Amino acid sequence: MATVHLRIGDLVWGKLGRYPPWPGKIVSPPKDLKKPRGKKCHFVKFFGTEDHAWIKVEQLKPYHAHKEEMIKINKGKRFQQAVDAVEDFLKKAKGKEQNSDGKGDSKGKKTPNKPLKILEEDDEDLSALKDPSEKPVKDDPHFHHFLLSQSEKPASSMEPISKRLKIIEEDTGSTSIQAADSTAINGSITPTDKSVTCSSRKGARLGRTPAEVASMCDITFSCVSDPKAARDLVLGPSGVLQGIRPGKCYVEMSTVDPETITELSQVITSRGGRFLEAPVAGSQQLSNDGMLVILAAGDRTVYEDCSSCFQAMGKTSFFLGEAGNAARMMLILNMVQGSFMATIAEGLTLAQATGQSQQTFLDILCQGQMASTFVDQKCQNILQGNFKPDYYLKHIQKDLRLAISMGDMANHPTPMAAAANEVYKRAKALDQSDNDISAVYRAYIH
């Protein structure tokens, strides 16, 4: 099949991860944004969402040649709006072209078009193709929202949230955070009228103590590493509980056991506060991209008050009923993910032990029913020896342990999780705790 050469300004269908192909335009990236290493890619601005992303060339198709095909397989409302935006763009471009055709020299000759340079896959000279009439990407108000993942320095767990929220300085010198109106992947966000504060166990950065944070805001979010940290933050000296007053809302976003959630809910509501648990499913990368899945349970009115914040943090949220249900569901999800990652690592090492190519194993796997961005990225990282944490191994082991305990309480067997847990414990003994969950691979080769 002939290679399709693309250039700046071309309209394309771009596929990002597991999402369906979406209409976009190849544009020039900002000068300070480095091109990802490895496979060749182009910088694409998507219609309808204003997303920007580096897309591999094999995930790009010319817009016109594949328009009918794409419209047949995607009937979503947002997708149709994006296609309409492309058509509007084409109409405006055609109008400009017709107007320019009437302009020439005094003899009626048309000014010849400047030849365009064809961008080869390994061409780095992007600036030569830049359309001078196009608004720089860096000036786009949506740009930094969608390029957090391009940052060379890893963001803190709460930074992606604050990036998408408007920070307002109070006269007291403290800082609260209110949801800013923006266009996210799931549409327009209506900001909450509540003051919101993000807190971290390592010294509440937006207040001197957890109690102060809770007392000065309507809604306080917390996300810490484990049940003990969650309890200490609420029940410890100068803890959140001391700042709770009637009507104050506390949102626990940590992944902990349902018993801890029940305890925190009871103590918060005993002071007249309102409680919601809202653990998040996803990795650091998904957090940076605003693509987390939020599982909520507890006070439904708090869930509704937090809707704009959840839209800023993630792509979707689920309300699961009474407090404790979100913790149960999250532990089940992480149990499955942790067990699956351990099995993939086992398969890679068995392939090597039996003289099979690990890369071929991955190539075959990614062509079958288990193909996913998760499998591809984790396996590629293993083969490259890259265990930079996207989801800490110590956290998935903690969740496996809590899921097994939950199974014991329900008198339900969890043999797969128990086996996976032992492998992660072995990996922790090999000093892999602060590496990515894919570092469980090392438990099989030592």
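**Burial, a helix crossing and the cores**

Author: Of the 446 residues in the chain, 43% are buried, where buried means under 20% relative accessible area (1.4 Å probe, protein chains only). This is a predicted model, in which local features need pLDDT of at least 70 and side-chain atom pairs count only at pLDDT 80 or more, while totals for chains, interfaces and linings use all residues. Residues are numbered from 1 along each chain as its sequence is written, and side-chain values use heavy atoms, with hydrogens and water left out.

Reader: At what angle do the axes of helix α12 and helix α15 cross?

Author: Axes are lines fitted to C-alpha atoms, for helices over the stretch in contact, and angles run from 0 to 180 degrees between N-to-C directions. Helices are DSSP runs (H or I, at least four residues), numbered from the N terminus. The axes of α12 (residues 325-353) and α15 (residues 393-409) cross at roughly 120° and come within 8 Å. The two helices are therefore oblique to each other, a class left after under 35 degrees (roughly parallel), over 145 (roughly antiparallel) and 65 to 115 (roughly perpendicular).

Reader: Which residues of the largest nonpolar core touch the most other members?

Author: A nonpolar core is a set of buried Ala, Val, Leu, Ile, Met, Phe, Trp, Tyr and Cys residues joined through side-chain atoms within 4.5 Å. Among the 31 residues of the largest one, they are Met341, Tyr424 and Val440. Elements giving two or more residues to this core include α12, α15 and α16 (415-429). Apart from this core lies another, of 19 residues, with Val12 and Tyr63 among them.

Definitions and conventions: Buried means under 20% relative accessible area, exposed over 50%, partly exposed in between (1.4 Å probe, protein chains only).
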